[in-house]
Amino acid sequence: MLSVMLLLSPVLADTPPDGAVDQKVVGLVQRAEDLCQTERAKEAEPLLSEAAEMRPDFPDTYRVWGCAYENEDQFSKAEEKYKKWSELKPDSYKPFEALGQIAYKQGHYSESNDYLAVAKRLNPFRTYIVNYRCHNFVLMEKWHEANAECTEALALNPKDEYAYGERSKAERALGENEKASNDASAAGRYQRGLGGTRFTTHKIFPTLFGIIALTFLFIGLAVLLRKKPLLFSSRWMFALMIVCFVPQFILPFQMLDLPGDQLGWFKIITWLVPLMFVVLLVFLWIQMQGYVVMGIVDKSFRKALLSVLDGLHLERQEELSIIRIPQADLDIAVAIQSWMGVGQVKNKSNSGQQVFQQIIAGLKRRFAEGELEVNNTTSVFYVILGILMLIVCGFFVVGSFVVGF
């Protein structure tokens with residue numbers, strides 16, 4: 001799918017100037033390309049057939065047509081369309097790169113390298129092509145050729161983790177074990193691109209999923225097994241959100257070493273995403289003050305809160321969602337979603353923090369007594385979600401062993 005997306009570029013890029021191509025043809029091809037990008041390649045074929053009849057020499061028609069067939073795994077038909085594309089665009093490396101990918105998918109590695117050799121001649125600075133050829137030579141067990149091709153890729157990008165890894169395989173097969181070990185070590189140092197993403201997928205993601213899953217299980221089971229409401233600081237939920245956002249902060253650093261022909265302007269976008277999350281986290285830090293209540297019912301919580309206030313001899317004034325304690329200059333905001341069994345209690349004033357903590361301590365004691373009605377809706381959901389996330393985490397861990405991590 002990645003190779004298909006690399007080929008899908010704006011239709012107007014190949015459109016001759018001065019409106020030489022009929023706009024209806026451009027529109028048909030553009031609509032077909034949109035269908036391909038949304039996995040509706042079958043619907044694109046009639047549009048491309050119509051476009052080819054109207055203008056048989058428009059290269060983008062065959063580019064998108066080949067992509068449509070490739071999406072449907074009809075590789076021989078895709079190859080036919082890409083060949084037509086290459087005839088109309090003989091000076092572009094892209095159709096020959098596409099032909100190389102199609103041949104590779106059919107297991108024709110030698111033919112794939114022949115096509116890629118033409119693409120390489122037309123664009124000798126594209127590391128993707130050189131790496132592809134290197135991989136084909138490894139699959140064909142042509143170790144000397146693979147070694148030479150990988151060395152060429154490393155001349156273009158000295159931090160190419162993939163080329164180091166493939167060259168180490170060739171060197172190992174040639175009996176050059178010391179060089180193979182050095183290249184394998186270099187591949188580990190320069191993990192980036194697909195390798196870095198693989199590291200994130202198989203190392204960081206399972207850890208994060210495990211932390212989040214265990215947190216959900218702990219909260220849910222703490223209510224279900226104890227049959228008592230649970231009260232804890234909202235900051236713990238904020239910390240859990242930070243854990244969820246960790247991959248978004250790691251991604252830009254993994255993209256730093258990507259060569260320009262692989263990423264381009266996407267690097268800027270990767271830095272915008274974490275900046276957006278920083279703003280969101282600042283907003284959540286402001287909002288998530290006070291304490292979270294789990295497994296609670298509105299009436300029983302109100303009963304417990306009023307009991308604590310009476311025990312502390314605190315006079316109160318009740319308003320909508322606010323309880324005022326004049327003698328402590330304290331405003332307590334209470335928000336309970338009774339149908340979900342969750343709520344939040346926080347100090348809305350800039351004073352009375354000591355009294356507020358006394359109230360929280362009193363509520364914890366009341367919850368520990370276990371005399372309150374409990375709503376398990378959210379707790380059950382947390383337990384189910386935690387179990388599902390642990391299962392996903394298990395798949396990640398098993399996958400990491402399969403791919404050799």
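**Reading helix packing and cores**

User: At what angle do the axes of α8 and helix α10 cross, and within what distance do they come?

Analyst: The axes of α8 and helix α10 (residues 161–173) cross at roughly 20 degrees and come within 10 Å. Angles under 35 degrees count as roughly parallel, so α8 is roughly parallel to α10. Keep in mind that this is a predicted model.

User: What is the general idea behind such a description?

Analyst: Two packed helices are described by two things: the angle between their axes and the distance between the axes.

User: Which residues make the contact of α8 with α10?

Analyst: From α8 come Asn 131, Cys 134, His 135 and Val 138. From α10 come Tyr 162, Ala 163, Glu 166 and Lys 169. By class, four are nonpolar, two polar and two charged.

User: Now the pair α7 and α8. At what angle do they pack, and how far apart are their axes?

Analyst: Helix α7 (residues 109–122) packs on helix α8 (residues 127–139) at about 160 degrees, and the axes are 9 Å apart. Angles over 145 degrees count as roughly antiparallel, so α7 is roughly antiparallel to α8. α7 passes α8 in a left-handed crossing.

User: Which residues of α7 and α8 make that contact?

Analyst: α7 supplies Tyr 109, Ser 112, Asn 113, Leu 116, Ala 117, Ala 119 and Lys 120. α8 supplies Ile 129, Tyr 132, Arg 133, Asn 136, Phe 137 and Leu 139. The classes are eight nonpolar, three polar and two charged residues.

User: On to cores. Which residues touch the most other members of the largest nonpolar core?

Analyst: Leu 48 and Tyr 82 do, in a core of 36 residues. Elements giving two or more residues to this core are α2 (23–37), α3 (41–54), α4 (59–71), α5 (75–88), α6 (93–105), α7 and α8. The largest share, seven residues, is from α2.

User: What lies apart from this core?

Analyst: Another core does, with 26 residues. Among them are Ala 328, Ile 332, Val 345 and Leu 363.

User: Now the whole chain. How many helices and strands are there in the protein chain?

Analyst: The protein chain has 18 helices and six strands. Of its 405 residues, 47% are buried.

User: What share of contacts between residues at least 6 apart in sequence join residues at least 24 apart?

Analyst: In the protein chain, that share is 63%.

Definitions and conventions. Residues are numbered from 1 along each chain as its sequence is written. This is a predicted model: local features need pLDDT of at least 70, side-chain atom pairs count only at pLDDT 80 or more; totals for chains, interfaces and linings use all residues. Side-chain values use heavy atoms; hydrogens and water are left out. Axes are lines fitted to C-alpha atoms, for helices over the stretch in contact, and angles run from 0 to 180 degrees between N-to-C directions. Helices (H or I, at least four residues) and strands (E, at least two) are DSSP runs, numbered from the N terminus. Angles under 35 degrees count as roughly parallel, over 145 as roughly antiparallel, 65 to 115 as roughly perpendicular and the rest as oblique. A crossing is left-handed if the near helix is turned anticlockwise from the far one by less than a right angle, and right-handed if clockwise. Contact means heavy atoms within 4.5 Å. Ala, Val, Leu, Ile, Met, Phe, Trp, Tyr, Cys and Pro count as nonpolar, Asp, Glu, Lys and Arg as charged, and the others, Gly among them, as polar. A nonpolar core is a set of buried Ala, Val, Leu, Ile, Met, Phe, Trp, Tyr and Cys residues joined through side-chain atoms within 4.5 Å. Buried means under 20% relative accessible area, exposed over 50%, partly exposed in between (1.4 Å probe, protein chains only).
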